[in-house]
Amino acid sequence: MTDPIADYLTRVRNAIMANHKVVEVPASNLKKEITKVLFEKGYILNYKFVEDGVQGKIKIALKYHPQSKVSAIKEIVRVSKPGLRKYAGHEEMPIVLNGLGIAILSTSKGVMTNKEAKAQNVGGEVLCYVY
């Protein structure tokens, strides 16, 4: 697999389109950090790291509105790809949906949102947009 982050985002996107409650993805340290950011910002209901002796898995409980059954994640888009990396400094941080969405960045201080990176004056690789 050349792009495991794109695979992770695609699995989440497909589970939302199929109205699944839980999605299971292979684990890695970067995927665990992205999952933590999604949980902290309220885009997913819960998550669980399952160790199976080999690579491990991440079980993600997706979040839907109780009455209308609309997902909390409208769109999740990969930005930086293996063929074309996208970086942003702290002064040119991307703004997603006029501040309503988030951009998830991989910085020298860990994985964080665009707003947290701007507050800490760090730049990094823009992994994805979520709104």
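Which residues does T35 touch, not counting residues up to four places away in sequence? In this predicted model, T35 touches Y8, I44, Y47, I58 and I60. Contact here means heavy atoms within 4.5 Å. T35 lies in helix α2, residues 29-40. T35 is buried, with a relative accessible area of 0%. Buried means under 20% relative accessible area (1.4 Å probe, protein chains only).

Residues are numbered from 1 along each chain as its sequence is written, and side-chain values use heavy atoms, without hydrogens and water. Because the model is predicted, local features need pLDDT of at least 70 and side-chain atom pairs count only at pLDDT 80 or more, while totals for chains, interfaces and linings use all residues.

The protein holds three helices and eight strands. Their order from the N terminus is α-β-α-β-β-β-β-β-β-α-β. Helices (H or I, at least four residues) and strands (E, at least two) are DSSP runs, numbered from the N terminus.

The C-alpha trace spans about 40 × 40 × 25 Å along its principal axes.

Of the 131 residues, 41% count as buried. Contacts between residues at least 6 apart in sequence were also examined: 60% of them join residues at least 24 apart. The protein exposes about 7,400 Å², and carbon and sulfur atoms supply 53% of that area. Accessible areas come from the Shrake-Rupley method with a 1.4 Å probe; for residues, only the protein chains shown count as cover.

Key: Buried < 20%, exposed > 50% of the residue type's maximum accessible area, 1.4 Å probe, protein only.
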